[in-house]
Amino acid sequence: MSQKKKKRMISMKTKLLGIILPVVIVMVVLLIGIVYFISRNVLTEYSRNLLTSSIQSQANEIEAWLDENLAAFQIVKRTIEGVKPSDEELEDILNQYYGYNTNFSDGIYIADASGRLIKAKDSDRQETDPTSLVWYQEGLTRVNMGFTNSYMNSDGEAVISASGLLNDGSDTVKVISADLKIERISIIVNSFVEMENAQAFLVNGKDHTVLAHRDSSLISEKLSSCSDSFLQEVGRKIEREEFETVEIEKKMTAFISVSGTDWILVSYVPSSVIYSDLNYIRTVMVIVGLISILLIAVLLERVVWLVIRPVKTLTNVITSMTEGDFTVEVSVKQRDEIGKMSRGVEQFVSSMRSMILSIRGVSDQLHAQANSSNDVSGEMYYASQTQSQSMKELSHTVEQLSLSVNEIAENATTLAMVVAETKADGEKVENKVDETVEVSHQGKADLQNVGSAMQLINESVLKLKQAIDNVGHASEEITNITSLIGNIASQTNLLSLNASIEAARAGEAGRGFAVVASEIGQLANTSSDSVRSIDALIHEVNTLVKEAVAQADVSADNISSSSQMVENALHTFDIIFNNIDLVNQLVGQMIEKVEKVDEVATNAAAISEEQAASSEEILATAENMVVQAENITKNSRTVANEAKQLTLSAENLSEQMDRFKIEKGGSET
């Protein structure tokens, strides 16, 4: 049994009943519902047909009653028209019909255009102006007698009248009429209802007033003014001329027009009355359905039990086998699928018994072999550990040797590299010294050229100084000349002024000379202005010349000093050149010695590298041997572990085999 909590087992019987019973219940409920709705529709249609037949019969009765009375009135009318009686004879005829028929107990009466009312002697009818009444007005419109709409007579009774024109041979227009009381129509309406619990009432189709009703208080009332919502809805249906049979306010209602009139006969029956039997049938069907479900549940339970019992027995057998008990016996009686399954289980039990016996022998052999393998693997593991330890020590020794050889090789290589680098640096130094010697030769020549150039510059500066001095003397002479020109311009201006004065004195004769004198005066002023400008320019030139002379003196002094310094540098450069030449000779000797050291270091590095390579090969071989020894140790350990695991598996297999029972009263291991 698992340590986890087992799930609660649900039996097949419960499952089958849980599946089949809901299906059966749903089917029974659906069947009851379908039968109920079919029955309801059938009953509704039957009731509608019955109500339609009933209202048709009532309408026919009303039509027959009206036709019968109208025929009687027509006979009286024809008799009078055929006889053409006098007033006394006419009154005798009317007396004969007074009280003749209960339908028109007031008899027959006639009114002429003058408003005279002719009636039976015993009649109490009183009309002040019969020509204004409904029966007279409508009678004027037809030759044959016809019925009017209902109205209230002078006695306050609801009546309808049959009236028409009377042609008695006189020159006076006369209308013959007879009254039928609505109460008689109500008796017909309420007496000829064929459907049980049905009721009917008569409505005027024009003004929607009630003509006949079981409740006499509703007679002559308009449907729209009634407080009953059913009557209001009927009025709306009549107003819309919707005369099909429908359910209104839980009442099945039928409509029909009475032929020859504007009357609408309405018949209705409560829906609860129609469906009362159906509700009873529904209740009976529900009870029968519940009883059927209960009986089916009991029957299903028994059938399922008979079918499941062999499966339950087989389940117990399989459960015992899962617990290791193969001593169970399977009894096979059925010849169906369960019997075939039982025979298969029986064969399986027999096969398992043989297999368990065979596995027991193999388990014993496996246990013995596992013990032997465990001993051998232990010895192999000890030997491999010893070998691995020895190889590790050898590897460590070779590794130390390899490190020493590698260190020597690295040092030799480093020395060879240093010597080679020193040789290369010496060659570079030699090249640089050679270049320096050549540059020194060139520098010496350049310094000599610089000295010559400085002398030339010094001579040029002296010549420039002399030229500037000459410019200064020339500017002084120019200043003197401009002073002279200025004096001449002043004298000329003065002479021009005197000439202008003399020309003015000469008058008209001297006017031309005055113009010439004026022009000369202007030229003198212009010359004077130019002289002043030249003086200013010469003054600036003198200032610049003086500054140039001063700067030329300074430059001459600097050039003299530079010439002396160049001579000193040339002397110093001669000393440097001699020293560089000596260094060049020493560097050449040093390079020759470094080349010898380089050959020795290269040979030593090559020998060290060969030794290092050999030691690395030895170290690699030793490491490979160590790896192989470790693999052997690991494999030996694995073999030992597998041998132990094999032993445990053999013991576990033996324990598992102990769980199976193949003989009654004991266990085989």
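**Exercise 1.** Is Lys77 buried or exposed?

*Solution.* Start with the ground rules: this is a predicted model, where local features need pLDDT of at least 70, side-chain atom pairs count only at pLDDT 80 or more, and totals for chains, interfaces and linings use all residues. Residues are numbered from 1 along each chain as its sequence is written, and side-chain values use heavy atoms, with hydrogens and water left out.

Next, the cut-offs: buried means under 20% relative accessible area, exposed over 50%, and partly exposed in between (1.4 Å probe, protein chains only). Lys77 has a relative accessible area of 3%, so Lys77 is buried.

**Exercise 2.** Find the salt-bridge partner of Lys77.

*Solution.* Look for a side-chain nitrogen of Lys or Arg within 4 Å of a carboxyl oxygen of Asp or Glu. Lys77 pairs up with Glu81, and their closest N and O atoms are 2.6 Å apart. The two sit four residues apart in helix H1 (residues 12–83), so about one helical turn separates them. Helices here are DSSP runs (H or I, at least four residues), numbered from the N terminus.

**Exercise 3.** Work out which way helix H2 faces.

*Solution.* First, pick out the buried residues of H2: Leu90, Ile93, Leu94 and Tyr97. Down the axis of H2, these fall within an arc of 95 degrees, so they line one face of the helix; the arc is that of the directions from the helix axis to the C-beta atoms.
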